[in-house]
Amino acid sequence: MARIEEIALPRERQATAWWRFNATALLFLGPAMALVLVFFIAPVVITFVMSFTDLATSTGLSNWQWIGPENYQRMFRSQFWLTILGNTFVYVAVVLAFNVIVGLGIALLSVHVEAKAGGLFRSLWLLPRISPSVVYALMWTWAAASPPFGMINYVVEPFGVEPRYWIQSDPWLIVILINGFVGASFGMLIFTSAIKAIPEDLFRAAQVDGASALHVIRRITLPLIKWPILFVLVYQTMSLFASYEYIYLTTNGGPGLYATETWSLWAFHTALSNYYGNLDFAYGAAMAAILVLMGLGISVVMLRLFRFGQLVAEPRVEV
Amino acid sequence: MATAVIARAPGRSRWPSLVPYAVLLLATVPILVLYLWLFYSSFFPRIEGFRPVGDFTIDNWRFLWDPQSVPQLRNRPPIIPLTINTFVFATMTSLISLLVSSMAGYAFSRLRFRGRRVFLGGVLLLHSFPSVTLLIALFVVLRFLGLYDKLVGVILVQTAFALPFGIWIMKGFFDNIPWDLEMSALVDGAGRLRTWWRIMLPLVKPGLLALGVLLFVEGWNQFLLPFVFMPSGSQQTLSTLVRGILGEGRFVDYGLLTAVGLYYIAPILVLFVLAQDQLMRIYAGGVKG
C-alpha cells in the first residue's frame, strides 16, 4: 500500500495536516469507538470490578457490597470446579481434534475431486455453520432421541448396540458430534484457500516424478499449509474455550450434576440462566474472569510451543 | 488457482478416482440426513428413525393459519410478529454494522492517526474475547441504560459484537482498492467523508453485499442475545420460540418443531443458495471485494 499521508498532502502543510488527519479519523472512527466503548470495554471492566462484589438478583442492582476475593475463594472451594475444568479441557481438545482433522480431510478431498463437486461438498459442510443454532440443535436432539424416534439408534442397532436415549447415556458423544460438525467448516475453508494458493508447478513436478497422491499430500501440501493449520489450531482453541451455546441447547451441562458442564457454561448458568432464580452476576463474573485468564494463558503457551517446536521444522520443499 | 490439479493430471495418480468421492459422501451423510429429516418430518405426523408413521400431512404447518389450535403455541406470542422482530433485528444489525464498520475500516485502511496500530490490535483482541464475559456485564449495562428487555438494546449489542470482524473485513476491502482512484477525488477538493461515500463505497459494493449477507444471517440466527436480554413476551424472536417449544418437556412434538424450524431456517437456506460463494469466501477471511 502506498504511504498515504505523503501522497495526499504537500510537505509544507504537514503540521496542520497532522491535526486534520486525527480529526478526520475521529469522525470516521467515532461511531465504532462509541459502540465498542459502551458494549465491549465497559463490560470487560465491569466484569472484573463486579467479581469483587456480591451483586446478584437477590441484592438488586443497587444494594451490592464489596466482598473482596470471596467469589474466587468460593469458586475454588466448590467441589465441582475440578470436574468442570477437566470437562473444559476434554471438550476443547476432542472437538478441536475433530474440527481440524475433519476440516483438513474435507479440504484435501474436495480439491482432489472435480471442482464443481468439491464446491458442493464444501457448501454442505458450511450448512451447519450458517443454520440457526436452535434448529441445528433440534436436529441433533432428534437424532439422539430415545427409541423409537432417534435416528442414531437405527444406525448402530445392526452393530449390536442397545437402543438408548443418547443425551442421557452418552452426553459427551452428542456434545462432540454437534460441535464437531459445526466447527469443521472453519478449518475446511481456510485450508482449501491455502491449498488452492500453492503454485501448480509443484504438483506438476511431483507428478512427473511419479509421486502418489498421498505422497504429494504428505510432502508438498501439508508442509506448505503449516501456517494455516497453526492459525486454525490457535483460533479454534480460543473460540472453543469461550463457546457453550450448543452444549447449552443439547445436554445443558447435564445429565446430573455438571457431567458436560464447561467453564463458560458454568459462568453462563451461574450469572444468567439457572433454575434457582437467583442470578448470581458477581459470582458468574468471577468465573468469566478466570475464563479470560485461562484463554490468555493458553494463547501464550500455544504461541510459544509453535515458535519453538513447529517453526524449527523446515518444509521439505523449496518454494 | 491450482484447483483440482492433482485430479486432472493424466495417468499417474494411484488413487482410484472414485475413492475420494465415496469418502466425502460418507462423511457428509450425517449432515444430509439431518437436513432432509427437517423437511421430511414437517410433513408427517411422526417419524420413527427413518420411517414415517402415518400419511403425508400439512397438519404440522397449521401454526401458520390456525395457531390457536396448537397447544404448544397458546401461551406464546404469535408467529408473525416474532418473524417481523427477527427480520427487524437481522436487518437493523446488519445495516448499522455495515455503516459503522465501513467507516472505521476506511479509517484504518486510508488514514494515519495516533494510535492506529494499537486500535487495530485492540479490535482483533476484542474479536477473540469470550462473549459470556461480556454478557454478564452487559446485563448491568443495559439495565443502566434502560435498554434491557427492548429490541433496540439487543440490536445495539449485536451490532457492537459484529464490529471487530466487520472492521477487519472492510479494512481488507479498502486495502485492495488502488489509491489513485481516490486521490483524484481528494485533489479535486472533495472532503474525506464525501470521497468515502461517493467514490469508495461504490467500489467495495460486492464486499459490502457479502458482509451484509453474512451479518444478516448471523442476526437472523442469533439466539443467546434475545434469549438473555429480552426475556419477556412480545419482543422475542423466532430462535427463542423454537427453543421454548424444544425445551418444554419430555413430550416433544417433532412434527410441529420441524415445521416451525423449517419456517425459521427457510430464508437462510434461500440466501445460502444465492450467495454461498460469497459466504464461503468471507468466512474463510480470504476476502477480495
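This report walks through the predicted two-chain model above, from the chains to their contact and a few local details.

Residues are counted from 1 along each chain as its sequence is written, with chains lettered from A and ligands numbered from 1 in the order in which they are written. Because the model is predicted, local features need pLDDT of at least 70 and side-chain atom pairs count only at pLDDT 80 or more, while totals for chains, interfaces and linings use all residues.

**The two chains**

Here's how the chains are built. Helices (H or I, at least four residues) and strands (E, at least two) are DSSP runs, numbered from the N terminus. A residue is called buried with 20 or more other C-beta atoms within 10 Å of its own, exposed with 12 or fewer, and partly exposed in between, with C-beta atoms placed from the backbone.

| Chain | Secondary structure | Buried share |
|---|---|---|
| A | 15 helices and 0 strands | 44% of 319 residues |
| B | 12 helices and 2 strands | 42% of 289 residues |

Along its sequence, chain B reads α-α-β-β-α-α-α-α-α-α-α-α-α-α. As for contacts (C-beta atoms, placed from the backbone, within 7 Å), take those in chain A with a separation of 6 or more: 69% are between residues 24 or more positions apart. For chain B, 71% of the contacts between residues at least 6 apart in sequence join residues at least 24 apart.

**Where A meets B**

The contact between the chains draws on 91 residues of chain A and 89 residues of chain B. On chain A's side, helix α2 (residues 14-50) gives the largest share, 20 residues. By class, that side of chain A has 67 nonpolar, 18 polar and 6 charged residues. Here Ala, Val, Leu, Ile, Met, Phe, Trp, Tyr, Cys and Pro count as nonpolar, Asp, Glu, Lys and Arg as charged, and the others, Gly among them, as polar.

One helix pair is worth a look. Helix α5 of chain A (residues 115-130) packs with helix α2 of chain B (residues 18-41) at an angle of about 35 degrees, their axes 10 Å apart. (Axes are lines fitted to C-alpha atoms, for helices over the stretch in contact, and angles run from 0 to 180 degrees between N-to-C directions.) Residues making this contact include A:Phe121 and A:Trp125 from α5(A), plus B:Tyr21 and B:Tyr35 from α2(B). The class count is 11 nonpolar, 1 polar and no charged residues.

**Cores and covered helices**

A nonpolar core is a set of buried Ala, Val, Leu, Ile, Met, Phe, Trp, Tyr and Cys residues joined through C-beta atoms within 7 Å. The largest one has 166 residues, and A:Ala285, A:Met287, B:Ile136 and B:Val242 touch the most other members. Leaving out residues up to four places away in sequence, A:Ala285 touches A:Thr47, A:Met50, A:Ser51, A:Ala271, B:Ile136 and B:Ala137.

Helix α6 of chain A (residues 133-143) has 11 of its 11 residues buried, so it is largely enclosed by the rest of the structure. Among them are A:Tyr136, A:Trp140 and A:Trp142. In chain B, helix α9 (residues 205-221) is mostly covered too, with 12 of its 17 residues buried, including B:Phe216 and B:Trp220.

B:Asp149 has a positive phi of about 65 degrees, although it isn't a glycine. Most residues other than glycine have a negative phi. B:Asp149 sits in the loop between α5 (131-145) and α6 (151-175) of chain B, and counts as partly exposed because it has 16 C-beta neighbours inside 10 Å.

Terms used
Two residues are in contact if their C-beta atoms, placed from the backbone, lie within 7 Å.
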